[in-house]
Amino acid sequence: MIRGALLAAAMLPLTLAASTQDTTVDVTGAQPAPRNVILIIGDGMDDQQITIARNYLKGMEGELLLDGLPMRGVAQVLAYADTTSKTPVYVADSANTATSMATGEITSRGRISTSPGDDQDITTIIELAEQAGYRTGLVTTSSVTDATPAAFAAHISVRVCENPDAMVQVTYRDILLGDCSNDLKANGGPGSIAEQLAVSGVDVILGGGMKHFEPNVEGSNQSVLALAEESGFTTLNSRDALAASAPDQRLLGLFAPSHLPVRLRGENGREAEAPEPSVLNSVHRYLGDVEQPAVMNCEPEPAFEGTPSLQQMTDIALRNLSHKNDKGFFLMIESASIDKKAHERKPCGSIGELEQLEEALASALAFSATQPDTLVLVTADHSQAAQLIPYESLFARYPIPTFSPGKVARIRTPEGSVMVVNYATTNFVMEEHTGANVPVFGNAAAVGYVAPYIRQPELFDLMRDYLDLN
């Protein structure tokens, strides 16, 4: 019944949706209603991930809350090489795609709201909204310094420069990941992502990433966390502290050292595994047989206990951003580990993250039912490696061993069947992104306002125009 009520609220009459686009001046002098934009991003949430989660959470014939939204389209994902020549790159990352949504500009992989080649800062929708008097918020299950949230409120040449100790010659096991020397404060730059967030005008920032706020500010004996408190943030580090926070506070909640724990995992931490062909198969691919990985269950992730859920963080953000606010707000909400667990070949983790996105969406739709001038958009930054493949191959009737060349997880579903998720983009320890379109969903305010097919940077244009930030 709750879900039905929420969908009914989301599907308010289309005349109401049309009215939200009316910018006619009210000559009576009445105060215009607040206008709000809630952008929900499922990192790596393509149609494969949605289908996998739907099958597990709702059953093959079931529906997610996403499925009932009245507007659905697709966005083409765009990226450039890191030059001024605008050479296309057909598979993107979270940094450049979040930049597309946050700024309306196409950049190169790894960049946080800076231009390819010449490294110029690009104004974000949060910066425009703040200048116009709107409140702003960022909520994520990743570190708040991670690429997606960072792109809405920071500018830096390489996404790995998350704190003052990770700015020059950033390496991992002697592999150079990037260098942000030009962004150092000593060189006239804005500093690391954490330092930029600490002095930003964002009203609510909730997620993980405490370890990035513990180092001292560049050239100072003061920690980045202390700088944030000096800048007006009330800092939080637990679910209880979040629940006890006041609606009139600016909040910086950091609930884990890095990314927040996920809700689900494969039993005993299992991930996708490679099928094992017999010795005869190495003699000839038509000989022998193959042993598939054992079927696994999804189970609760113990580390998730005590962590604020995405919905709990969303509810607090909506409360604070709307409290005594006659102007409106912009809020970005990210379910980050759909992508992170796909990189790790852990489909149960991705399923649990998509369930968290559904719960945050329920809160967003309930809020929009009380404030109809609220545009709710749900999308992804890019597609990911997971694919749903048959439990029994279509070619099993042929007398040859047939199996995936990648790694597979065979998951027992609540409806008593087995779902097989395949990962086969690379032989590296982490899977790759892929280059498909990503879905775009919207509430009633999006009907007739968002076209069925858009390019990802156009999301910025739509949100900017809805808030009249021109």
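These legends describe close-up views of a predicted model.

**View 1. The largest pocket.** The largest pocket has a volume of about 1,600 Å³. Its lining counts 45 residues. Nearest its centre lie Arg-159, Val-160, Lys-340, His-343 and Met-430. H12 gives the most, with five residues. By type, the lining of the largest pocket divides into 15 nonpolar, 14 polar and 16 charged residues.

**View 2. A network of salt bridges.** Asp-93, Asp-146, Arg-159 and Lys-340 are linked by salt bridges into a network. Arg-159 and Lys-340 are also among the residues nearest the centre of the largest pocket. In total, the structure has 18 salt bridges.

**View 3. The second largest cavity.** Two cavities of 30 Å³ or more turn up in a search of the whole structure. Helix H3 (47-57) and helix H13 (347-370) are the elements that give two or more residues to the lining. H13 gives the most, with four residues. Five lining residues are nonpolar, two are polar and none is charged.

**View 4. The salt bridge between Asp-47 and Arg-72.** The two side chains meet at 2.5 Å, N to O. Asp-47 lies in helix H3 and Arg-72 in strand S2 (residues 71-76), so the pair ties together parts that are 25 residues apart in sequence. Asp-47 is partly exposed, at 40% relative accessibility. Arg-72 is partly exposed as well, at 41%.

**View 5. The salt bridge between Glu-195 and Lys-185.** Here the N to O distance is 3.8 Å. Glu-195 sits in helix H7 (residues 193-198), and Lys-185 in the loop between S5 and H7, ten residues apart. Glu-195 has a relative accessible area of 1%, so this residue is buried. Lys-185 is partly exposed, with a relative accessible area of 35%.

**View 6. The salt bridge between Arg-464 and Asp-465.** The closest N and O atoms of this pair are 3.1 Å apart. Asp-465 is partly exposed, with a relative accessible area of 34%.

**View 7. A nonpolar patch on the surface.** Tyr-286, Leu-394, Phe-395, Tyr-398 and Ile-400 form the patch. Together they have about 550 Å² of accessible area. Tyr-286 lies in the loop between helix H10 (279-283) and strand S11 (290-291). With a relative accessible area of 42%, Tyr-286 is partly exposed.

Notes
Residues are numbered from 1 along each chain as its sequence is written. This is a predicted model: local features need pLDDT of at least 70, side-chain atom pairs count only at pLDDT 80 or more; totals for chains, interfaces and linings use all residues. Side-chain values use heavy atoms; hydrogens and water are left out. Patches are made of residues with over 30% relative accessible area and no salt bridge: like charges are joined within 9 Å, nonpolar side chains (Val, Leu, Ile, Met, Phe, Trp, Tyr) within 5 Å. Accessible areas come from the Shrake-Rupley method with a 1.4 Å probe; for residues, only the protein chains shown count as cover. A salt bridge is a side-chain nitrogen of Lys or Arg within 4 Å of a carboxyl oxygen of Asp or Glu. Buried means under 20% relative accessible area, exposed over 50%, partly exposed in between (1.4 Å probe, protein chains only). On a 1 Å grid over the protein atoms alone, a cavity is a set of points where a 1.4 Å probe fits but cannot get out, and a pocket is an open set with protein on both sides within 12 Å along at least five of seven lines; lining residues have an atom within 4 Å of a point. Grid points are joined across faces, edges and corners, and a volume is the space filled by probe spheres set on the points. Ala, Val, Leu, Ile, Met, Phe, Trp, Tyr, Cys and Pro count as nonpolar, Asp, Glu, Lys and Arg as charged, and the others, Gly among them, as polar.
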